[in-house]
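The sequence and structure are shown first, and the description follows.

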Amino acid sequence: MNLEPEGRLGRPFRFVARTESTQDLLGPDDPEGATVAADEQTAGRGRQGRRWIAPPGKAIQFSVLLRPPPDRRQPELSLVAGVAVADAVEEALGLAAQIKWPNDVLVNRKKVAGILAEARVDAVVLGIGLNVNQRRDELPPDARTPAASLLTTDGLERAREPILGRILARLEHHYDLWREGGLDAIYVDLGSRDFLRGRRVSVDGLSGTAVKIDRLGRLEIDVGGQQRTIESGEVTYER
Ligand code: BTN
């Protein structure tokens, strides 16, 4: 895979055919924007100790090193990335994409992408996996949120490089807005894509109706008329 990055994210760019996880290939000496992508991960990581599994050559799997300002809340980065991935997915598909707090991108209620932000000393390694060319039988069957790829969504096989380039370009755009103005600066793009809003949800034993992702990136839930704010967790929802 070859990449001509549009901006400063994606430089330097490294592609590896096979690795355990691209999350482990960026270190303290790398500059902000350094990116590693892989065709195959043998120990791809998801959130909350889960695995990220994709057959070789079918998905976009990459990590980018960011050095956010110390006064910004790092958990918000997953949402910043979610907006960027949703933009790139919408450009590729011509269909609306939504963000399931805190880190999934959905199309037609199915998960096409996941985001993993791991803190390092003075840096964050942001990992993104996007299902592009997997057939239905190549997607994880038992995922909590049913999985889809761009191929299973509209039947078209796509080159991955241009989509990766667009994700990085949109990430740079939203990341720069966020650096300057926090989540407020991208809140219109985020709030309008909030998948959970208005749904019955459960998080860590708490059940209620999701009100919204708030301006600090937390999930606000109405539990029997009382507003509760969730900082992090795994949400299950009713259809
Ligand atoms: C999730 O859905 O829980 C997050 C999935 C994140 C997967 C990406 S693929 C590139 C990077 N390397 C990893 O091991 N994980 C992330």
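How many aromatic pairs does the rule give? The count comes to 2 aromatic pairs, where rings of Phe, Tyr and Trp (its six-membered ring) pair if their centres lie within 6.5 Å, and planes under 30 degrees apart count as stacked, over 60 as edge-to-face and the rest as tilted. The model is predicted: local features need pLDDT of at least 70, side-chain atom pairs count only at pLDDT 80 or more, and totals for chains, interfaces and linings use all residues. Residues are numbered from 1 along each chain as its sequence is written, and side-chain values use heavy atoms, with hydrogens and water left out.

## Aromatic pair and charge

A pair of aromatic rings is described by the distance of the centres and the angle of the planes. For Phe195 and Tyr237 the ring centres are 5.1 Å apart and the planes stand at 80°, so this pair is edge-to-face. Phe195 belongs to the loop between helix H4 (187-191) and strand S8 (200-203), and Tyr237 to strand S12 (residues 235-237), so the pair ties together parts that are 42 residues apart in sequence. Helices (H or I, at least four residues) and strands (E, at least two) are DSSP runs, numbered from the N terminus.

Phe195 counts as buried at 2% relative accessibility, whereas Tyr237 counts as partly exposed at 21%. Here buried means under 20% relative accessible area, exposed over 50%, and partly exposed in between (1.4 Å probe, protein chains only). The charged end of Arg199 sits over the ring of Phe195, 3.9 Å from the ring centre; the criterion is that NZ of Lys or CZ of Arg is within 6 Å of the ring centre and within 35 degrees of the ring normal.

Contact means heavy atoms within 4.5 Å. Lys100 is found in strand S4 (residues 98-100) and is buried, at 2% relative accessibility. The C-alpha atoms of Lys100 and Gly82, 18 residues apart along the chain, are separated by 8.8 Å.

## Nonpolar cores

The largest nonpolar core has 56 residues, and those with the most contacts inside it are Phe62, Val89, Leu130 and Leu219. Such a core is a set of buried Ala, Val, Leu, Ile, Met, Phe, Trp, Tyr and Cys residues joined through side-chain atoms within 4.5 Å. Helix H1 (residues 76-93) gives the largest share of this core, 11 residues. Apart from it lies another core, of 8 residues, among them Val16, Ala34, Leu65 and Ala123.

With neighbours within four places in sequence left aside, the contacts of Leu219 include Trp101, Leu196, Ile213, Ile230 and Val235. Ile163, in helix H3 (residues 160-181), is buried at 8% relative accessibility.

## Largest pocket

About 610 Å³ of space lies in the largest pocket. On a 1 Å grid over the protein atoms alone, a pocket is an open set of points where a 1.4 Å probe fits, with protein on both sides within 12 Å along at least five of seven lines, and lining residues have an atom within 4 Å of a point. Grid points are joined across faces, edges and corners, and the volume is the space filled by probe spheres set on the points. Of the 34 lining residues, the closest to the centre are Gly46, Arg50, Arg51, Trp52 and Lys111. Strand S3 (59-66), strand S6 (110-120) and strand S7 (123-131) are the elements that give two or more residues to the lining.

## Backbone features

| Cis peptide bond | Omega |
|---|---|
| Arg11 to Pro12 | about -10° |
| Trp101 to Pro102 | near 0° |

Pro12 lies in the segment before strand S1 (13-19), and Pro102 in the loop between S4 and strand S5 (104-107).

Positive phi values occur in residues other than glycine: phi is near 70° at Arg109 and near 45° at Asp204. Arg109 is placed in the loop between S5 and S6 and is partly exposed, at 31% relative accessibility. Asp204 lies in the loop between S8 and strand S9 (206-213) and is exposed, with a relative accessible area of 64%.
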